[in-house]
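This briefing is intended for a reader meeting the structure for the first time. Please view the sequence and the model together while reading the points below.

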Amino acid sequence: MRTEERDMGSLLKPIRIKGGWGRQGAFAIALLILVGCVGTLDKSERAQLETMTPNPIDFSEIEYYAQRSDSAYDPLKKIRADYPLVTRAVTLTSVDARYFLEVDEANNHQTLSVRGTAEKPNVIEDIETSLVVDNILSIPLHRGFQNVAAEVYNDVLPHIRKDMPIRVTGHPLGGAVAAILAAYLDHDGWTVTRIVTFGQPKFTSRDPGEKVVSVTTRVVNKTDVVALLPFYTQIKKFQHFGEEVILRDGPDYVFLKPEIANELSIGDFRRNVQDFSAKDHHMTSYVSNIKGKVENGSNQVPYLTPSNNLTLGN
């Protein structure tokens with residue numbers, strides 16, 4: 001079993017989902033109680049989500065990052081064999097995080113790929129864990145993700161070239177860690193040109209600045225629940241930042257601008273909560289979906305369509 005298959009189980013432990021997703025109705029009710037903000041869409045909200053502004057996505061570029069986020073689960077020996085430009089690949093046992101760094105001198109870029117904690121669920125066992133003000137960014141961060149990011153940052157920093165742009169990627173806890181690392185690098189003077197994460201959970205209540213937001217793309221499978229966690233509450237106001245690409249079946253995808261994606265992330269269970277899927281969380285599912293869009297073409301659709309119109313609050 002690859003560690004990614006244990007990853008979501010630890011993240012959802014507080015919801016007490018055991019043995020898969022059998023009791024979908026009870027799960028949906030539990031989510032709604034925890035969030036407490038489903039309600040109905042007003043006319044202006046519905047109109048906005050039914051309107052589509054064309055935004056073509058380069059799924060070949062997304063596939064580049066998906067392959068690396070997937071490979072971050074592989075043994076280090078295989079990673080080094082598959083990616084000859086790797087200059088460092090390591091598992092940090094103290095936080096059970098893994099990353100690998102590629103330096104491509106010919107194309108003048110570096111890529112940092114991160115696999116977040118999988119073997120130590122206590123780091124994120126409480127999904128409502130504290131938000132703490134980060135010493136580097138001066139914004140609130142999820143304590144568990146911050147701890148992992150700090151360990152990775154201290155280890156990788158001596159190996160990252162400052163004269164070369166860097167891109168970061170990861171899934172899903174690794175996505176949160178990767179985004180924090182990118183914000184650290186940007187703050188400390190590195191040139192971060194791309195942040196692409198897959199199924200990334202929320203890790204802050206405030207974005208790290210327009211520069212980081214502008215290069216961030218969050219890719220989310222349509223029924224991957226982890227991207228909606230941790231829940232937004234009046235005390236712990238977890239939210240996302242950056243544009244969002246929602247992968248639907250076949251060629252279809254949804255593109256959400258940062259401001260719309262963030263608004264939905266605060267309290268969006270308007271996606272049919274009874275359709276959440278453990279399988280859709282696995283990185284292999286992301287890779288397969290994206291590969292299909294690369295090989296067969298892609299088709300942008302609005303967020304609200306007949307296939308995903310509201311079951312709740314409709």
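Arginine 88 stands opposite leucine 101 in β2. β1 and β2 run antiparallel and are joined by 6 bridges. The model is a predicted one, in which local features need pLDDT of at least 70 and side-chain atom pairs count only at pLDDT 80 or more, while totals for chains, interfaces and linings use all residues. Residues are numbered from 1 along each chain as its sequence is written, and side-chain values use heavy atoms, with hydrogens and water left out.

**The sheet**

- An open sheet is formed by 9 strands in the order β1-β2-β3-β6-β7-β8-β9-β10-β11, with mixed pairing.
- β1 (86–92) and β11 (299–300) stand at the edges with a single partner strand each, so one side of each has no neighbour in the sheet.
- Strands (E, at least two residues) and helices (H or I, at least four) are DSSP runs, numbered from the N terminus. Two strands pair if DSSP finds at least two bridges between them.
- Strands of a sheet pair through backbone hydrogen bonds, either parallel or antiparallel.

**Strand β3 and its partners**

- Strand β2 (residues 97–104) pairs with β3 in the antiparallel sense over 7 bridges, and aspartate 104 stands opposite histidine 109 in β3.
- The two strands β2 and β3 form a hairpin with 4 residues between them, and asparagine 108 in the turn has a positive phi of about 55 degrees.
- With strand β6 (residues 166–171), β3 pairs in the parallel sense over 6 bridges. Leucine 112 has valine 168 in β6 as its bridge partner.
- Strand β3 (residues 109–115) is mostly covered, with 7 of its 7 residues buried. Buried means under 20% relative accessible area, exposed over 50%, and partly exposed in between (1.4 Å probe, protein chains only).
- In a regular strand the side chains alternate between the two faces of the sheet.
- His109, Thr111, Ser113 and Arg115 point one way from β3, while Gln110, Leu112 and Val114 point the other way; all are buried.

**Histidine 171**

- Histidine 171 is found in strand β6, and at 0% relative accessibility histidine 171 counts as buried.
- The side chain of histidine 171 makes a polar contact with the side chain of tyrosine 73 at 2.7 Å. A polar contact is a pair of N or O atoms within 3.5 Å; within protein, one must be able to donate a hydrogen and the other to accept it, and residues adjacent in sequence count only if both atoms are side-chain atoms.
- The side chain of histidine 171 also reaches the backbone oxygen of histidine 281, at 2.7 Å.

**Salt bridges**

- Side chains of opposite charge can pair when their charged atoms come close.
- The count of salt bridges comes to 11, where a salt bridge is a side-chain nitrogen of Lys or Arg within 4 Å of a carboxyl oxygen of Asp or Glu.
- Lysine 211 forms a salt bridge with aspartate 186, with the closest N and O atoms 3.4 Å apart. Lysine 211 lies in helix α8 (residues 210–213) and aspartate 186 in helix α7 (residues 173–187), so this pair ties together parts that are 25 residues apart in sequence.
- Lysine 211 is exposed, at 56% relative accessible area, whereas aspartate 186 counts as buried at 17% relative accessibility.
- Arginine 218 and glutamate 244 meet through their side chains in a salt bridge (3.0 Å, N to O). Because arginine 218 lies in strand β8 (residues 216–221) and glutamate 244 in strand β9 (residues 243–247), the pair ties together parts that are 26 residues apart in sequence.
- Arginine 218 counts as buried at 1% relative accessibility, and glutamate 244 counts as buried at 3%.
- Arginine 161 is partly exposed, with a relative accessible area of 29%, and aspartate 163 is exposed, at 56%.
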